[in-house]
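Take a moment to look over the sequence and the model. Then read on for a short tour of how the parts are arranged.

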Amino acid sequence: MVPTMNAPEFPLFRGCKLACRRGGRLVFSRLDFTLEHGGALLLLGPNGSGKSSLLRVLAGLLRPSEGRLEWNGQTLADDPEAHAARTHYLGHHDAIKPVLSVAETVRFWARLHRTESAQADRAADAAIERFGLGHLADMPGRMLSAGQKRRVNLARLLAAPCPLWLMDEPTTALDRASIAVLETVLAEHRATGGMVVLSTHADIVLPDAEVLTLDRFAPAPEGLS
Amino acid sequence: MTRFFEVVHRDLRLALRQGSDSVMVVTFFILTVILFPFGLGPETNLLERVSPGVLMVTALLASMLSLDRLFQADYEDGSLELLAMSPMPLELAVAAKMLAHWLTTGLPLIVVAPVLAVLLHLPADGFAPLLAAMALGTPVLSLIGGIGAALVLGARRGGVLLSLLILPLYIPVLIFSVGAIDAAIQGLDAGPHLLILGGVMIAALALSPWVAAAALRQAVE
């Protein structure tokens, strides 16, 4: 599913000397990372250390104020749509419409990513089952709990295959059992060559993940804080 | 292209289930037009004279009512970020949302306009150009309005700001649609006015999705 052909001189996904400025404040700078097939990057750090900002930069939603991102040696800014097509982003918001059912929500996002809609529907239904939402498939979004909404979003990621998953605190509001399902899903995703960048405060088992502690890239305090 | 229709389909489904926006727009249109005979008095001559202007100005104000919701709900619940990150160009998604907006607000206005025209004693010659002007003009309202809706995202009191931004841009639509109806009533050719209106619509169709998408990219940063 994921092409294994890879020019050996380039790492698959790479960031060089990334810096990000939010509201005039430098959040992090001189940040480097590389990711290969099946790789995982665990972002740690206190509140406000730039985990979410980094994920948004990686998603292409936010432009880095310095540095560059490369996919297979190609600068990412040259083709933002290709990057969007291979990336799933899971942010703080759940993107759940109060009047759309669980199945309709997941199917819509699956259909946006896949061209064949019957196939997309089947994959969406399977993903809903996988996260234990099968009995809620016809439930409108307004009736869902916070944890259930989060699981709908995780099902969205599973319903359409994308090599890169960017997840901003995916364990928020999840119970132990759902976190276990998520860990299995992440392991399977990586086993097929997928990549994960994940920020968390809770414990989540991500074997052989490279840990990136963001406060190491915080700029030296300038003047009064 | 299937993706385009997926987004249109989703927005139509949302509008249908929530229902309030279309109903509100049409009700506002009807009520406001009905107010004019009360305010101006029942003289047929006077109503005949003002009816094209009243209908167009009211339709324009009515279509503005629902504009601030065009992107706001998607912006607040994070759907907009996901749309920006979907494999389809954001411009296309924006165009789909504008089309859905027109189908749920512009189209109902076109349907009720002839009924209200009867109420205002619009002369018989004016009906065809009224429908033509509405059919060409209301898409412009959704298209240009979409730019405004994208620009005010995240601003407090965005609805008021939106009116200030967008109303001046609606003036050409108003001038040429009322011009077309007036010309037909006076036995002149409405064609040139409608052609200009069509030109305005095509220009708006070509430019608005790009401008709105650029504004949305700023908003999700």
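This is a predicted model: local features need pLDDT of at least 70, side-chain atom pairs count only at pLDDT 80 or more; totals for chains, interfaces and linings use all residues.

Chain A holds an open sheet of four strands. The strand order is β2-β1-β4-β5 (chain A), and the pairing is antiparallel. The edges belong to β2 (25–35) and β5 (74–75) of chain A. Each has a single partner strand, so one side of each lacks a neighbour in the sheet.

Helix α1 (residues 51–59) of chain A packs on this sheet. The helix touches β1 and β2 of chain A. Its direction makes about 125 degrees with that of β1(A).

## Strand pairs in chain A

Start with β1(A) and β2(A). They run antiparallel and are joined by seven bridges. Across this pair, Cys20(A) stands opposite Phe28(A) in β2(A). The two strands form a hairpin with two residues between them. In that hairpin, Gly23(A) takes a positive phi near 55 degrees.

Now turn to the pair with β4(A). Strand β1 (residues 13–22) of chain A and strand β4 (residues 66–71) of chain A pair over five bridges, again in the antiparallel sense. Arg14(A) stands opposite Glu70(A) in β4(A). Gly15(A) has Leu69(A) as its bridge partner in β4(A).

## Annotated regions in chain B

An unreviewed UniProt entry annotates parts of chain B as "transmembrane region". The annotation covers residues 21–40, 52–71, 92–120, 126–153, 160–181 and 193–216 of chain B.

Two of these regions can be checked against the model. Over residues 52–71 of chain B, the chain is 85% helix and 0% strand. The end C-alpha atoms of that stretch are 31 Å apart. Over residues 193–216 of chain B, the chain is 100% helix and 0% strand. There the end C-alpha atoms are 33 Å apart.

## Helix α3(B) and its partners

Two packed helices are described by the angle between their axes and the distance between the axes. Helix α3 (residues 44–65) of chain B packs with helix α6 (residues 90–119) of chain B at an angle of about 155 degrees. Their axes are 11 Å apart. An angle over 145 degrees counts as roughly antiparallel, and α3(B) is therefore roughly antiparallel to α6(B). The crossing is right-handed. From α3(B) come Ser51(B), Leu55(B), Ala59(B), Ala62(B) and Ser63(B). They meet residues of α6(B), including Thr105(B), Gly106(B) and Leu109(B). This contact divides into seven nonpolar, four polar and no charged residues.

Helix α3(B) also packs with helix α9 (residues 171–185) of chain B. The angle is about 150 degrees, and the axes are 9 Å apart. That makes α3(B) roughly antiparallel to α9(B). This crossing is right-handed too. Here α3(B) brings Pro52(B), Gly53(B), Met56(B), Val57(B) and Leu60(B). Their counterparts in α9(B) are Leu174(B), Ser177(B), Val178(B), Ile181(B) and Asp182(B). By class, this contact has seven nonpolar, two polar and one charged residues.

## Helix α2(B) beside α6(B)

How do α2(B) and α6(B) lie, roughly parallel or roughly antiparallel? The axes of helix α2 (residues 20–40) of chain B and α6(B) come within 10 Å and cross at roughly 20 degrees. The two helices are therefore roughly parallel to each other. α2(B) passes α6(B) in a right-handed crossing.

The side of α2(B) in this contact includes Asp21(B), Ser22(B), Val25(B) and Phe29(B). Among the residues they meet in α6(B) are Thr104(B), Pro108(B), Val112(B) and Leu119(B). By class, the contact has 10 nonpolar, three polar and one charged residues.

## Where the chains touch

The contact takes 23 residues from chain A and 20 residues from chain B. On the side of chain A, the residues divide into 13 nonpolar, six polar and four charged.

Definitions and conventions
Residues are numbered from 1 along each chain as its sequence is written. Chains are lettered from A and ligands numbered from 1 in the order in which they are written. UniProt positions are given in the numbering used here, feature names are shortened, and annotations may be inferred rather than shown by experiment. Two strands pair if DSSP finds at least two bridges between them. Two residues are in contact if their C-beta atoms, placed from the backbone, lie within 7 Å. Axes are lines fitted to C-alpha atoms, for helices over the stretch in contact, and angles run from 0 to 180 degrees between N-to-C directions. Angles under 35 degrees count as roughly parallel, over 145 as roughly antiparallel, 65 to 115 as roughly perpendicular and the rest as oblique. A crossing is left-handed if the near helix is turned anticlockwise from the far one by less than a right angle, and right-handed if clockwise. Ala, Val, Leu, Ile, Met, Phe, Trp, Tyr, Cys and Pro count as nonpolar, Asp, Glu, Lys and Arg as charged, and the others, Gly among them, as polar.
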